[in-house]
Amino acid sequence: MTPSRTAFAAILAKDLRAELRTLQSLPAMALFAVSSYVIFRFGLNHSHLSGSLASGVLWVTLLFAAVLGINRLFVAEREEGGFDAIRLAPIDRSVLFTAKVAALIVYLAVLELIAVPIFALFFLNSAAALPPLIIVLVLADIGLAATGTLISSMAVNSRARDLLVPLVLLPLVIPLMIAATAATEPLMLLGGVSYHRFGTWLMVLGLYDLIFALLGYAVFDFLLED
Amino acid sequence: MYGKGLRPLSIATVVMWAITLSLVFFYAPIEADQGFLQKIFYLHVPLAIIALCGYVIGGIFAVLHLRRDDPRWDAYSYVSIHISVIFTVGGLLTGAIWAKGSWGHWWVWNEPTLVSFLIVFLLYATYYPFRYAIEDRQRQARYASVFAITAGAFVPLNFLAVRASASLVHPRVFATAEGGLPTSMLVTFLCALVSMGLLWATLVKFELSAKSAQGQLKRLRRALDAPVGPPSSRIAPEVH
Amino acid sequence: MFHLLLAADPSVPNDIGGKYVAGAYVVFIVLLLIYVAIMAMKLARIEKGLGEVAEIAEARKEAAPAEPTESEAPAATTHTVTPGPAASGATAQETRP
């Protein structure tokens, strides 16, 4: 039985290598984010954002860009027979879950490395919000990746799979979005960075991450059954 | 045999409801703050509580389905969620009526319980298109169970998040449940809760019984080599 | 006690409150009745299906011991006799309303 760590590293490396070679998700996600910013600028008729509006625009854009990546997460597995390979391999099947979550976290991190500074450039007065934002992004990414991987693995085996992910995922990540936007809002106030209830919201995010990561890990085996 | 306990259960439901409604309109006092409008409380809150319990029960049935691999548990899970969704609609509508009477608006965003309830409804509403999208029956059942478990875990987390986001400045609309209820109201409320729970159980059993009858009919048709006809539904699990 | 509570000024006048309360209970009843109606339609379909299956079973039962050449008379009599006592459910329905 191959140890899980080796299997995890192998699957993660394969995914990242494939994405690097084909670049099918990341450029689309980044471009989508930037285009959304422009649309928000005109849709809201605001050239500068602060507080709750800034927080909302940022997180909504990141969420929808993430959905693009989540939609494509298991497509290669489905088309190239990756699921069968995992079933046959002498590994713990939940490793596929953890590896895919890790891959998705990497994609989201790269997306945010591009999209968040551009957001600050377009809409914010100062970049002071960005350093504390990093911890919020990290926690939100983990939760988004866990839930996204779970839903994506089910959606890929269905009809209308592109519709299923946004449909089911969006209500599920509402608590995550509530916490993320509420934590970000005081960071982007016009008067300066504030940490109002920052700890509370980070705890809610952490709780969400814990619950859905454990849940996904626990049920993934049943999803791979033939 | 799902119809077995159905008669005593439905009789108990009717009796409890008769008692509850009498208590609500002839025994429970008029509340000082909200007046007669407060009587909606005895309908709205039990609807909400029982619906949420129903979702959790649906999640438990889903766990049992995955562990025992017996399709009956999937049917129980499906029906539990189905009835709970109907109760949720009832909860949202009565909540809106109460909000309109109290605040003049059909919907209020600053009532965290109502908002979380809406989000829970949105999530469970996706249960049906989700099941419909998966063609293979066994896989559909398995995935649906995963959904029910995930959604069940989601409910408390969602309430926590929405509660935390509610501004503490806004007074809660439905604060009646917060402060100590006078005994007469508490008794009435508990009766209403029990009645609603019995109603939920009756409807679940009722629906399972109907599904079972359909399943038996199909068995009969197959045994006689008679034309089976088109499947009644692509998503509702069959019960035998 | 009751009168004291009534005397305290309620935020919503009792007659308007009454309409909302009635509305809420009406919504509840209507939802319940819609559910009952849907289940009734299901039951009707099951009943129809059972009737068809009963006919098929009866037809098979008669056809099995009969001669290879089935004459019209016995077939006609069985056809008129069987729906009577066998479908007692149907007759019960006729007598009830």
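**Exercise 1: Chains A and B**

In this predicted model, 28 residues of chain A are in contact with 28 residues of chain B, contact meaning heavy atoms within 4.5 Å. The model is predicted, and local features need pLDDT of at least 70, side-chain atom pairs count only at pLDDT 80 or more, and totals for chains, interfaces and linings use all residues. Residues are numbered from 1 along each chain as its sequence is written, chains are lettered from A and ligands numbered from 1 in the order in which they are written, and side-chain values use heavy atoms, with hydrogens and water left out.

Task: State what area is buried between chain A and chain B, and which salt bridge joins them.

Solution. 
1. The size of an interface is often given as the accessible area lost when the parts come together. Buried area is here the accessible area (1.4 Å probe) that two parts lose on being put together, summed over both.
2. For chain A and chain B this area is about 2700 Å², with 76% contributed by carbon and sulfur atoms.
3. On the chain A side, M154(A), R159(A) and F222(A) supply 21% of the area buried against chain B, more than any other three residues.
4. A salt bridge requires a side-chain nitrogen of Lys or Arg within 4 Å of a carboxyl oxygen of Asp or Glu. The count between the two chains, A and B, is one.
5. The partners are R159(A) and E135(B), whose closest N and O atoms are 3.1 Å apart.

**Exercise 2: Chains C and B**

Task: Describe the contact of chain C with chain B by its residues, its buried area and its salt bridge.

Solution. 
1. Chain C contributes 32 residues to the contact and chain B contributes 42 residues.
2. Together chain C and chain B bury about 3100 Å², 78% of it on carbon and sulfur atoms.
3. Within chain C, the residues that lose the most area to chain B are Y20(C), Y25(C) and Y35(C), together 22% of what that side buries.
4. One salt bridge is found across the interface of chain C and chain B. R221(B) pairs there with E52(C), with 2.7 Å between the closest N and O atoms.

**Exercise 3: Helix packing in chain B**

Task: Determine how helix 3 of chain B is oriented to helix 7 of chain B, and how helix 4 of chain B is oriented to helix 6 of chain B.

Solution. 
1. Chain B has seven helices and zero strands; helices (H or I, at least four residues) and strands (E, at least two) are DSSP runs, numbered from the N terminus.
2. Axes are lines fitted to C-alpha atoms, for helices over the stretch in contact, and angles run from 0 to 180 degrees between N-to-C directions.
3. Helix 3 (residues 71-103) of chain B packs on helix 7 (residues 183-223) of chain B at about 130°, the axes being 10 Å apart.
4. Angles under 35 degrees count as roughly parallel, over 145 as roughly antiparallel, 65 to 115 as roughly perpendicular and the rest as oblique. Helix 3 and helix 7 of chain B are therefore oblique to each other.
5. By class, the contact of helix 3 with helix 7 of chain B has 12 nonpolar, three polar and two charged residues. Ala, Val, Leu, Ile, Met, Phe, Trp, Tyr, Cys and Pro count as nonpolar, Asp, Glu, Lys and Arg as charged, and the others, Gly among them, as polar.
6. Helix 4 (residues 112-125) of chain B meets helix 6 (residues 137-165) of chain B at an angle of about 160°, with their axes 9 Å apart. Helix 4 of chain B is therefore roughly antiparallel to helix 6 of chain B.
7. The residues of the contact of helix 4 with helix 6 of chain B divide into 14 nonpolar, four polar and one charged.

**Exercise 4: Chain A**

Solution. 
1. Helix 3 (residues 51-71) and helix 8 (residues 161-172) of chain A pack at about 135°, with their axes 10 Å apart.
2. The contact draws on residues including L63(A), F64(A) and V67(A) of helix 3 of chain A and V165(A), P166(A) and L169(A) of helix 8 of chain A.
3. The contact of helix 3 with helix 8 of chain A comprises eight nonpolar, one polar and two charged residues.
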